[in-house]
Amino acid sequence: MIKKTLNKKENNMKILVLNGPNLNLLGTREPEIYGTTTLESIENEILEYSKSFHNVEIAFFQSNHEGEIVDKIQEAKSLYDGILINPAAYTHTSVAIADAIKAVNLPAVEIHLSNINTREDFRKKSLTAPSCIGQISGFGKTSYLAGLFCLIKHLEK
Ligand code: DQA
């Protein structure tokens, strides 16, 4: 295949995929809501999908601890071009994560496996989404791939 010469910098685009609390239990956690796919296999699908784009590098991080997620977002400032984040339950409670995303000024896309707008009232409010460039919710593991696509397209602009 002929390699196209792009005007854009040839550096790899680096994206951090962040997952919040209890997402390490995907596969067995409330499968009727979150599906039966494990986080590891979602991460593998993300990696596979990322290969269809030019020079995209992906790193993954999952934590059940709010402070660790804040630390990772702060670190991301110098290491990554954008963040794909499923803050899980912290979506609805964490001013600290919302502030961290704003503070680092990196484009972030918020994603959810379930459609948070059709569930309990407390899930309908996202404290973190206003710090993000957009939110995708309700497509199961495809939310991650759709979010990655949108983030890459945003970064390519
Ligand atoms: C979730 C939705 C949240 O309300 C919930 O607390 C999660 C997962 C989702 O991906 O659908 O842990 O973020």
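Rings of Phe, Tyr and Trp (its six-membered ring) are taken as a pair if their centres lie within 6.5 Å; planes under 30 degrees apart are called stacked, those over 60 edge-to-face and the rest tilted. The structure is a predicted model, in which local features need pLDDT of at least 70 and side-chain atom pairs count only at pLDDT 80 or more, whereas totals for chains, interfaces and linings use all residues. Residues are numbered from 1 along each chain as its sequence is written, and side-chain values use heavy atoms, with hydrogens and water left out.

**View 1. Aromatic cluster of Y49, F53 and F149.** The count comes to 2 aromatic pairs. Helices (H or I, at least four residues) and strands (E, at least two) are DSSP runs, numbered from the N terminus. Buried denotes under 20% relative accessible area, exposed over 50% and partly exposed in between (1.4 Å probe, protein chains only). F53 is therefore buried at 14%, while Y49 is partly exposed at 26%, as is F149 at 35%.

View 2. Two strands pair if DSSP finds at least two bridges between them. Strand β1 (residues 13–19) runs parallel to β3 and is joined to it by 5 bridges; strand β4 (residues 108–112) is also parallel to β3, with 3 bridges. L84 is the bridge partner of V17 and stands opposite V109 in β4.

**View 3. Surroundings of the ligand.** Residues with a heavy atom within 4 Å of a molecule are near it; around the ligand these are R29, Y34, N86, A88, A89, H92, H112, L113, S114, I116 and R123. A polar contact is a pair of N or O atoms within 3.5 Å; within protein, one must be able to donate a hydrogen and the other to accept it, and residues adjacent in sequence count only if both atoms are side-chain atoms. Ligand oxygen atoms lie 2.8 Å from a polar side-chain atom of N86, 3.2 Å from a polar backbone atom of A89 and 2.6 Å from a side-chain N or O atom of S114. Taken alone, the ligand exposes 320 Å², of which the protein buries 99% (Shrake-Rupley method, 1.4 Å probe).
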